[in-house]
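Here's a quick briefing to read alongside the model. Keep the viewer open and click along as you go.

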Amino acid sequence: MLQCLSGSACMRLIQGNKTTWCFVCLVVSYVLYLIFGALIFSSVELPYEDDLKRDLLSFKQQFLQDNACLSDDRLEEFLTRVLEANNYGVSVLNNASANRNWDFTSSLFFASTVLSTTGYGHSVPLSDGGKAFCIIYSVLGIPFTLLFLTAVVQRIMVYVTRRPVNYLHRRLGLSKPLVAGVHAALLALITASCFFLIPAIIFSALEDDWNFLESFYFCFISLSTIGLGDYVPGEGYNQRFRQLYKVGITAYLLLGLIAMLVVLETFCELQHLKTLRKMFYMKKEKKEDELTIVDHDHLSFTTVCEQTTPVAEDRGDPFTDDASMAEASPVTPSDSIVIR
């Protein structure tokens, strides 16, 4: 008996706080997913990191042996300066000295990566004034960019998603969730082809050191606004039409980001995903003032009904007998106003 009571109490507790339990499971699943990613990345990348360190140390020792006049401390000082400059996007290599990081097209590309929060990190402001302006520019520009993207995506959704889905639903007579699901899948396939596969082929042809996988990796990292910065196009020393190339990449990133947002918004409007999201959301509770208004209206309506019934009885309407009065329907608010 106690086991049955405790079991029913647990079930009532779970059912009464279903969204809370779902949210707790979501948080735990997310933490486990982070740990899973860390374990995989560590197991895959750590051996390569160790091999690279060994190769660099071996090359350094060989270099010092070949150049006995150079001390280890002097070499360390030189490499430290070189690496610090490289972190700011400045290279001492002869084949990279012709490229400038802060001409107009490169600055335009940098501004687009800042406002879209991609942030490759291949070039950063060098001066204090540039760093201060970057902060102010980002504080104003990122919300402005979100507003711009929201307005653009909202208009594109009307012509790309909502109207086609409604037209096919009426024309073919199919269920709307089915039409929306097929439409979302086709839209995702077209977007992947136009903004991932085809650009990856183009980048692999234009960039000498990139293969198809590296080019596809760059497209995904960029359009998902991850922006690791390990691959940045247009940085080769023999890049032809570099300025025009940078402008084209900037346009590609903006258009690709809009296309990604359209696809995500299309999937978010699917009925199954809406139902799934509601499992983790808190239930909306009516505000206290709304409840007070509802109770006041109900009380007023009840008072009006109670006041109108004796009036009809006192008048002694000859067309209404006791039986018909007993079967009469409740007085509506409009009737009560007429009687009063």
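This is a predicted model: local features need pLDDT of at least 70, side-chain atom pairs count only at pLDDT 80 or more; totals for chains, interfaces and linings use all residues.

Numbering runs from 1 along each chain as its sequence is written, and side-chain values use heavy atoms, with hydrogens and water left out. Helices are DSSP runs of H or I with at least four residues, strands are runs of E with at least two, and both are numbered from the N terminus.

**Helix α5**

- α5 covers residues 128-172, which makes 45 residues, and its first and last C-alpha atoms are 62 Å apart, close to the 66 Å expected at 1.5 Å a residue. The expected span is 1.5 Å times one less than the number of residues.
- At methionine 157, α5 bends by about 45°; the bend is the angle between axes fitted to the seven residues ending there and the seven starting there.
- Met157 is also among the buried residues of α5, along with Ser138, Gly141, Thr145, Leu149, Val153, Thr161 and Val165. Buried means under 20% relative accessible area, exposed means over 50%, and partly exposed is in between (1.4 Å probe, protein chains only).
- The cover over those buried residues includes α4 (104-115), α6 (176-206) and α8 (242-268), where contact means heavy atoms within 4.5 Å.

**Nonpolar surface patch**

- Trp21, Phe23, Val24, Leu26, Val27, Val28, Val31, Leu32, Ile35 and Leu39 make up a nonpolar patch on the surface, with about 900 Å² of accessible area together. Areas come from the Shrake-Rupley method with a 1.4 Å probe, and for residues only the protein chains shown count as cover.
- Patch members have over 30% relative accessible area and no salt bridge; nonpolar side chains (Val, Leu, Ile, Met, Phe, Trp, Tyr) are joined within 5 Å, and like charges within 9 Å.
- Valine 24 sits in helix α2 (residues 18-66) and is partly exposed at 39%.

**Salt bridges**

- The count is seven salt bridges, each being a side-chain nitrogen of Lys or Arg within 4 Å of a carboxyl oxygen of Asp or Glu.
- Arginine 54 and aspartate 51 pair up at 2.1 Å, N to O. They're three residues apart in α2, so about one helical turn separates them. Arginine 54 is exposed at 51%, and aspartate 51 is partly exposed at 37%.
- Lysine 60 and glutamate 76 form a salt bridge at 2.1 Å, N to O. Lysine 60 is in α2 and glutamate 76 in α3 (residues 72-87), so this pair ties together parts 16 residues apart in sequence. Lys60 and Glu76 also belong to a salt-bridge network with Asp72.
- Aspartate 103 and arginine 242 meet at 3.9 Å, N to O. Aspartate 103 is in the loop between α3 and α4 and arginine 242 in α8, so the link spans 139 residues of sequence. Aspartate 103 is buried at 17%, and so is arginine 242 at 10%.

- Threonine 117, in the loop between α4 and α5, has a positive phi near 60° and is partly exposed at 45%.
- Threonine 225, in the loop between α7 (212-223) and α8, has a positive phi of about 60° although it isn't a glycine. Threonine 225 counts as partly exposed at 26%.
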